[in-house]
Amino acid sequence: MSRIKSCFEQLKKQNKKALIPYVAAGDPNPDITVDLMHAMVHSGADIIELGVPFSDPMADGPVIQKASERALVYGTSLTDVLAMIKTFREKNNTTPVVLMGYLNPVEIMGYERFAKAAQDAGVDGVLTVDIPPEEAEDYVPALKTHDLDPIFLLSPTTTRERMQHICQYASGFIYYVSVKGVTGTSALDTDEVAARLKIINEVTDLPVGVGFGIKNAETAAAIGRVSEAVVVGSALVNLVEQNAHNADGNEKIIKDISQVLSSMRTALDA
Amino acid sequence: MTSDTQTETRLSDMPDKKGHFGQYGGMFVPETLMEPLEELKQAYIKYMQDPEFLEELDNDLKNYVGRPSPLYFAERMSRELGGAKIYLKREDLNHTGAHKVNNTVGQMLLARRMGKTRIIAETGAGQHGVATATVAARLGLECVVYMGAEDIQRQALNVYRMKLLGARVVSVESGSRTLKDALNEAMRDWVTNIDKTFYIIGTAAGPHPYPALVRDFQAIIGRETRQQIMEHEGRFPDALVACIGGGSNAIGLFYPFVDDQEVSMYGVEAAGHGLETGEHAAPLCAGKPGVLHGNRTYLMEDKHGQIIPTHSVSAGLDYPGVGPEHSWLKDIGRANYVAVTDEEALDAFHELTKVEGIMPALESSHAIAYVKKLAPTMDKDQIIVVNLSGRGDKDIHTVATIDGIEF
């Protein structure tokens, strides 16, 4: 059984919701990432979403764009990101790791080579923002051959018919983008999200994670009441940005992010 | 084997239903954009067969844009180069001074039919931004144009023109602060304001259906050329030449000839400081296939798949990708892609100005620069048609600065 699947089954038994933090690998420097991953697990993260830096992140708002830019100053490549995960796996063999990024770095490596390298490194799922199932004829089989879960997005503009189509290709979990917009958007309407999740749950048995617009413990808890998982990204990356250029920045970043995640964990479990 | 009833696939039948030109093109976008793109595709299919729509488009092209644009025999330039006869397709004479308006007039009619009230666009040199702001002003629609901070400096005149036309010009400070970043920002706006917003993409790139849609609106260039060259010469040209940034003026000229194998095609990219220096904007000549801005196409990228900075003296060519149909035409060998340097383009700018009294845009100067190489290798009874895609007024400041002149 995949780590993602068993993670959700465990949580279900305990009647808990998954907390999924997102950080960009190599942000603000490559030294921090593995330590930060362990710290996030310690503070209550169930699954880690690790952003692969890309020069042209067109689905991301300014906060995550800048995270990519900071990581690219050090030339953090997809290969580097996989090496970080391999190191993380030396001490943690249970927490699922999902790569989130754009297609071009994967494309240039080649789907098969990428999938094999990701599996070897200990990756569990891959969310590529700019590949809808229509273009994923070769991509999905390559991932599945190497036991990687293809994670797909559903959005407020996705029709029921498309949901059915997309869910045929997805495994692990479904990522519901809660708002029309880019990452870091503020306006999130919990009632509307709940209504959409009801439809998604009719279409698929896969667990659904909700992302975009989750700012704090309060919004995390509100979304946790209607979904199986909450994804929090820009709120954490903001904390990276605030300390990106400080001398003892890495320490402070790990502390700040741990604090926010702990408060979200507590709110989710309450 | 062959019979009259056998239906052959023609090159002009592309793209396929999913928007692919061979392995290129497609729809590589975040999920939120899939449904709006489907809506756009349906509207495009419907209205491109709607006689009323086509009549309105024809009328606008004739009376607002000023079409047909002349096909001018550049007699003195032909004589000086001592080879093929050179004809200039005068897109510089269109309203707003470039070919860009052919497409914005068309997309604006689509936007109105789809009930959209807000228009956004990206722009590099500012010609597409001006052409968009122009048609938005005419219909009284809100218009936001995204432009890289770097380009805003280089093209101050066009920025002011857009503002005069009532558009809001948003300076894009992310990434390399040029056209590609403006495109990212326009996509982000579109994803956020999808309900009432129509995104007018200016080149034959981006996710399906844009490459096909922009091509079809620009194909008026090639259709007129077919007729006009028959009137002048009684036969088709031997070669077509056009500059390539994203490639909309080139595909507009090439597409109506794509099934006529006897007509050679040359797309001219920006070699910047020289292909060997790496400082250029020539993905077809020196890049490799990848995925950016919604389509698979040739890109300027590093070995890790990051998009790399481009350079060209001409802002309109300063883009790391290219329309997917060009990538396909390159791979199947139907069109030739070449590159000329900043210096060669500047020489051509001066030469055409002096010899024919026509001041070309720096983008179009790249096409002229290649004609200077091609024409002498051809016979005197052969014919070249070059797309003079825009006029050079917007570039006078750039040229003057390079020549060491201050105003």
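Mentor: Buried means under 20% relative accessible area, exposed means over 50%, and partly exposed lies in between, with a 1.4 Å probe and protein chains only. This is a predicted model, in which local features need pLDDT of at least 70 and side-chain atom pairs count only at pLDDT 80 or more, while totals for chains, interfaces and linings use all residues. Residues are numbered from 1 along each chain as its sequence is written, chains are lettered from A and ligands numbered from 1 in the order in which they are written, and side-chain values use heavy atoms, with hydrogens and water left out.

Trainee: Is A:Phe173 buried or exposed, and what makes it so?

Mentor: The relative accessible area of A:Phe173 is 0%, and the limit for buried is under 20%, so A:Phe173 is buried.

Trainee: Why is the pair of A:Phe8 and A:Phe173 called tilted?

Mentor: Rings of Phe, Tyr and Trp (its six-membered ring) pair if their centres lie within 6.5 Å, and planes under 30 degrees apart count as stacked, over 60 as edge-to-face and the rest as tilted. The centres of A:Phe8 and A:Phe173 are 5.8 Å apart and their planes stand at 50 degrees, so the pair is tilted. A:Phe8 lies in helix α1 of chain A and A:Phe173 in the loop between α8 and β6 of chain A, so the pair ties together parts that are 165 residues apart in sequence; helices (H or I, at least four residues) and strands (E, at least two) are DSSP runs, numbered from the N terminus.

Trainee: What angle makes the pair of B:Tyr199 and B:Tyr210 tilted?

Mentor: Their planes are at 55 degrees, with the ring centres 6.1 Å apart, so this pair is tilted. B:Tyr199 counts as buried at 0% relative accessibility, B:Tyr210 is buried with a relative accessible area of 1%, and B:Trp190, B:Tyr199 and B:Tyr210 form one aromatic cluster.

Trainee: How do you know that the charged end of B:Arg138 sits over the ring of B:Tyr64?

Mentor: A charge sits over a ring if NZ of Lys or CZ of Arg is within 6 Å of the ring centre and within 35 degrees of the ring normal. The charged end of B:Arg138 is 4.3 Å from the ring centre of B:Tyr64, and B:Arg226 lies over the face of B:Phe257 at 5.3 Å from the ring centre.
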